[in-house]
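Hi,

Here is the structure I promised to pass on.

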Amino acid sequence: MYDRHVWEATPGNTLLHKIDVRTKLVLLLLLAAMVLLVDSPRSLFLLFCLVLSLHLLARSSMGRWRILMVFILLGIWGSMTSQALFYSSEPRTIIACLVSPAAPGIGALTGGVYVYREGLEYGAVQALRSGTMLALGLLINWTSDPRQLLRSLLAWKLPYELGFMLITGLRFLPVIFQETGVVLTAQRLRGFNPFRTVSPRRLIQTAFQTLFPILARTLRRAATLASSVESRGFGRETPQIPLPVWSCKERLVCHSLLLTVVGLILLKVMDSLQFNGFLYVSSLRGVYDLMKVWL
């Protein structure tokens, strides 16, 4: 996980490596719209599985699969736990009581801490949304040259400074993990055992002893990078290398996906109109039934 090469883009001969970066960015934006429009757990799960199958198509290494699984599982755990405990909508079904309202202190203050079934379900749906976007974002990062990403963003009239900040952030992500590995290795060689005790004071002390060296090394690299780009005339008007021609097949795929998203928006509008009693077309009853299941 601390190997920077696992985080950086690597060349390959798969279909996803050969696809134009602009196509991947459009796919990312349209999939983001889809996961926001769709509320059905079935459809979200299918989209999630589709993105994972793209990782198989890209032949992601085992190291990358481990990273992906760690982030997805942490997201699922965090989303479901938080929603199960703090779900506020009605109705709510209590499936467990963690702290009784009669408990002194926190029980009287909070009125009891419960686990709600609807909160678990809602948290799972939100975890599918975030997991799908995370998996696709990492896939694009691992299969795309950062220079091509920057050139594509600039071709779409994104300000040079914003594009540079975005790509620099992507390039710094593996550096941060590499610095974390270096700091942890140095501390272990000095006999540092962060989990010798599980007391809150010890954990806070461990966090400070680990984060401060990482922050210092990262800031030192950032200062070096800033000096480097300033010495090369950062922000000046320079001619950009033209992008390769965007193939008609890939543009057709992007337009087809765009039409799909527009269709989903229209279906959601129809569903909202009939749900609120503004417009109901009896001849489209089958369509309403499909929307109830899949949207």
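Let's start with Met34: leaving out neighbours within four places in sequence, Met34 is in contact with Leu47, Leu257, Thr260, Val261 and Leu264 (contact means heavy atoms within 4.5 Å). Before I go on, some ground rules: this is a predicted model, where local features need pLDDT of at least 70 and side-chain atom pairs count only at pLDDT 80 or more, while totals for chains, interfaces and linings use all residues. Residues are numbered from 1 along each chain as its sequence is written, and side-chain values use heavy atoms, with hydrogens and water left out.

Met34 also turns up in the largest nonpolar core, which has 36 residues; Trp7, Leu31, Met34, Leu44, Leu68, Leu136 and Leu139 are the ones touching the most other members. A nonpolar core here is a set of buried Ala, Val, Leu, Ile, Met, Phe, Trp, Tyr and Cys residues joined through side-chain atoms within 4.5 Å. Buried is under 20% relative accessible area, exposed is over 50%, and partly exposed is in between (1.4 Å probe, protein chains only). Elements giving two or more residues to this core include helix H1 (4–7), helix H3 (21–37), helix H5 (62–86) and helix H7 (117–143), and H7 supplies the largest share, 8 residues. Helices are DSSP runs (H or I, at least four residues), numbered from the N terminus.

Apart from that core lies another, of 7 residues, with Val21, Leu149, Leu153 and Ile167 among them. In helix H8 (residues 146–155), the buried residues include Pro146, Leu149, Leu150 and Leu153, and their cover includes H3 and helix H9 (160–189). Just after H8, Lys157 has a positive phi of about 70°.

What about His55, buried or exposed? His55 is buried, at a relative accessible area of 1%. This histidine sits in helix H4 (residues 41–57) and, not counting residues up to four places away in sequence, touches Ser60, Trp65, Leu68, Ala135, Leu139 and Trp142.

On the cysteines: there are 0 disulfides (a disulfide being a pair of cysteine sulfur atoms within 2.5 Å). For Cys248, the nearest cysteine sulfur is that of Cys254, 12 Å away. Cys248 counts as exposed at 66% relative accessibility, and Cys97 is partly exposed at 44% relative accessible area.

Finally, Phe212 lies in helix H10 (residues 200–231) and is exposed, with 52% relative accessibility.

Cheers
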